[in-house]
Number of protein chains: 2
Amino acid sequence: MKNFADKLVEAVRAKGSAICVGLDPRLDKIPKFLKMKAVEDTDRTPFGAAASAILEFNKGIIDAVHDLVPVVKPQIAFYEIFGHEGIKCYEETLKYAKKMGLLTIADAKRNDIGSTAEAYAQAFLGETVLFDGDEEVIMPAFDADAVTINPHLGWDGIKPFIEECRKYEKGIFILDKTSNPSSSDLQDLEMKDGKAVYEIIGHLIDSWGANDIGENGYSFVGAVTGATFPEQAKRLREIMPNAYFLVPGYGAQGGKAGDVAVCFGGGNGEKGLGAIVNNSRGITNAYEILGYPEEKYAEAAREAVMKMKMDLAGAF
Amino acid sequence: MKNFADKLVEAVRAKGSAICVGLDPRLDKIPKFLKMKAVEDTDRTPFGAAASAILEFNKGIIDAVHDLVPVVKPQIAFYEIFGHEGIKCYEETLKYAKKMGLLTIADAKRNDIGSTAEAYAQAFLGETVLFDGDEEVIMPAFDADAVTINPHLGWDGIKPFIEECRKYEKGIFILDKTSNPSSSDLQDLEMKDGKAVYEIIGHLIDSWGANDIGENGYSFVGAVTGATFPEQAKRLREIMPNAYFLVPGYGAQGGKAGDVAVCFGGGNGEKGLGAIVNNSRGITNAYEILGYPEEKYAEAAREAVMKMKMDLAGAF
């Protein structure tokens with residue numbers, strides 16, 4: 001049966017790259033001409049103007065990279081900081097990316113107890129039951145193709161997401177070994193049986209996804225494994241042969257192509273599958289890194305993606 | 001120095017109760033007259049109408065209980081399910097609660113790597129840097145008094161929240177032993193040294209909060225410990241003498257007054273301090289439970305709070 005991982009595989013094949021563009025907008029990195037335009041165009045509140053500038057920025061990035069990458073991943077914290085206006089911009093960013101033929105991962109790292117996780121799962125992947133007078137109306141809220149989730153609450157909090165994935169051909173990526181330095185505080189603790197917590201989580205993710213493996217040998221239950229910890233990622237690749245890996249930490253956080261190579265593999269064994277490598281700042285801020293004028297931020301982003309594509313191609 | 005925990009202590013003393021009212025609205029439990037009013041009043045979208053009905057509902061609950069309880073805790077999943085309209089309702093609910101003299105806990109269970117956690121911390125507790133033409137404008141997005149956060153990413157993800165807490169007299173409650181049945185999947189795993197993961201988290205929370213203990217002996221770094229696991233909560237009370245406990249799981253989830261009694265204590269030793277006990281469905285759906293007509297949902301909520309107050313008073 002075809003599942004989200006199969007859709008991802010098709011997109012990776014079609015675009016010829018395993019790159020995920022992280023859309024994590026910071027207002028101080030949004031070109032000034034977009035901010036001025038947002039203020040001039042509207043009688044918006046400062047929150048609304050910021051959200052409007054960011055949406056324009058995101059559209060420019062999406063236009064510039066949509067034929068080169070299979071997927072984008074907007075990090076919702078950078079939208080929540082603008083309140084409901086930011087969330088509206090988040091919705092519109094997801095919608096525009098989808099329109100331009102991209103898959104979307106809502107990087108939200110949500111979770112909670114079962115009944116609450118159900119609401120998150122419906123919000124991000126499924127549909128919301130509404131009303132219009134006496135009639136029931138059903139509409140999606142965010143309608144992302146996949147969402148990142150946190151495993152801390154165990155199976156209760158995972159199950160509702162799996163149900164929405166089955167119903168709507170969607171996917172999840174569960175945090176396992178994250179890319180930040182202090183991920184070791186809890187994730188590397190050594191258990192009684194000698195395993196580390198991240199290994200236990202790997203086994204859990206493997207079992208949680210075991211009933212939903214698609215045509216290409218990958219489950220729609222994926223894992224987040226940071227590029228900054230290649231040894232742990234290598235071990236996790238062994239533990240989870242059927243999980244697609246979402247790999248943050250490449251670029252600004254220090255992860256190199258050689259580090260992410262170990263994340264690929266599993267599934268049907270086809271080269272270039274099994275992982276998507278995220279890059280946020282390295283692409284969206286490329287105009288600064290490459291010394292371009294800010295008006296050319298989209299061209300710079302395209303150039304950064306092409307450079308990353310070459311870099312990754314040489315590594316495996 | 002006075003901190004968020006001291007503000008909480010003052011509110012608990014003033015209201016004479018340690019009850020937190022969870023505002024977790026489910027559309028199928030919102031009285032029909034409020035839904036009809038929301039549709040008639042406006043030319044809103046279905047999402048907007050739902051959000052409008054929920055805001056009216058929340059205001060009714062807040063009006064009915066604000067003199068009896070120190071704090072309310074809206075669970076953001078039940079707002080996100082309505083997209084940006086839901087988030088607007090979330091903002092307005094927080095604002096109204098504050099206006100009515102209540103402290104607010106944003107139950108969002110957020111976290112991420114450091115730079116992203118910083119955005120979440122600013123969104124929920126701090127302020128957002130915006131612009132108006134050439135001028136910088138600074139405004140808060142959600143401006144909750146406290147937020148729940150997830151410890152899975154370790155210290156990196158905690159530090160930015162602590163910085164906002166210091167700056168704005170705010171608080172955090174870090175998930176430790178959650179109230180759901182499968183919290184045991186990860187939180188109860190036994191470590192090499194014989195400790196359980198939830199105990200390790202307890203020691204971490206204790207150390208993370210050690211530099212920020214207020215006048216009453218409590219840190220602004222609190223912990224979430226479910227009423228459904230009294231033995232573990234008792235152990236955590238010993239490990240974290242300076243943490244205020246946010247205790248979910250009372251009522252609908254099965255936790256009893258005797259179970260939550262062990263969560264109190266610590267700090268300056270004053271009776272009735274050290275824990276706030278959350279009840280969501282037991283209060284907001286009291287009209288169903290008590291067999292009231294739905295028009296009297298607010299009166300029913302007040303009655304449920306008074307009953308809970310008596311129940312808790314008898315237990316310690």
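How many residues of chain A are in contact with chain B? The notes below start there. The model is predicted.

1. **Interface.** 60 residues of chain A are in contact with 60 residues of chain B. On the chain A side, helix H6(A), residues 114-124, gives the most, with six residues. By class, that side of chain A has 31 nonpolar residues, 18 polar ones and 11 charged ones.

2. **Barrel.** Chain A contains a barrel closed by eight strands. The order is S1-S2-S3-S6-S7-S8-S9-S10, and the pairing is parallel. From one strand to the next, the twist averages 30°.

3. **Pairing of S1(A) with S10(A).** Strand S1(A) covers residues 19-23, and strand S10(A) covers residues 275-279. They pair in the parallel sense over three bridges. A:Ile19 has A:Val277 of S10(A) as its bridge partner.

4. **A helix on the sheet.** Helix H9(A), residues 197-208, packs on the sheet. H9(A) touches strand S7(A), residues 171-177, and strand S8(A), residues 221-225. The direction of H9(A) makes about 160° with that of S7(A).

5. **Helix pair H3(A) and H5(A).** Two packed helices are described by the angle between their axes and the distance between the axes. Helix H3(A), residues 46-65, and helix H5(A), residues 83-99, pack at an angle of about 20°. Their axes are 9 Å apart. Why do H3(A) and H5(A) count as roughly parallel? Angles under 35 degrees count as roughly parallel, so H3(A) and H5(A) are roughly parallel to each other. Their crossing is right-handed.

6. **Who makes that contact.** From H3(A), the contributors include A:Phe47, A:Ala51, A:Ile54, A:Leu55 and A:Ile62. A:Asn58 and A:Lys59 of H3(A) also take part. From H5(A), they include A:Glu85, A:Lys88, A:Cys89, A:Glu92 and A:Tyr96.

7. **Hairpin in chain B.** Strands S4(B), residues 128-132, and S5(B) pair in the antiparallel sense over five bridges. B:Leu130 has B:Val137 of S5(B) as its bridge partner. The two strands form a hairpin with two residues between them. In the turn, B:Gly133 has a positive phi of about 65°.

8. **Cover over S5(B).** How many residues of S5(B) are buried? The count is zero among the five residues of this strand, residues 135-139. S5(B) is hardly covered.

Conventions: Residues numbered from 1 in each chain as written. Chains lettered and ligands numbered in written order. Predicted model: local features only at pLDDT ≥ 70, side-chain atom pairs only at ≥ 80, totals over all residues. Buried ≥ 20, exposed ≤ 12 C-beta atoms within 10 Å, placed from the backbone. Helix = DSSP H or I, 4+ residues; strand = E, 2+ residues; numbered from the N terminus. Pairing = 2+ DSSP bridges. Contact = placed C-beta atoms within 7 Å. Nonpolar A, V, L, I, M, F, W, Y, C, P; charged D, E, K, R; others polar. Axes fitted to C-alpha atoms, helices over the stretch in contact; angles between N-to-C directions. Parallel < 35°, antiparallel > 145°, perpendicular 65-115°, else oblique. Left-handed = near helix turned anticlockwise from the far one by under 90°.
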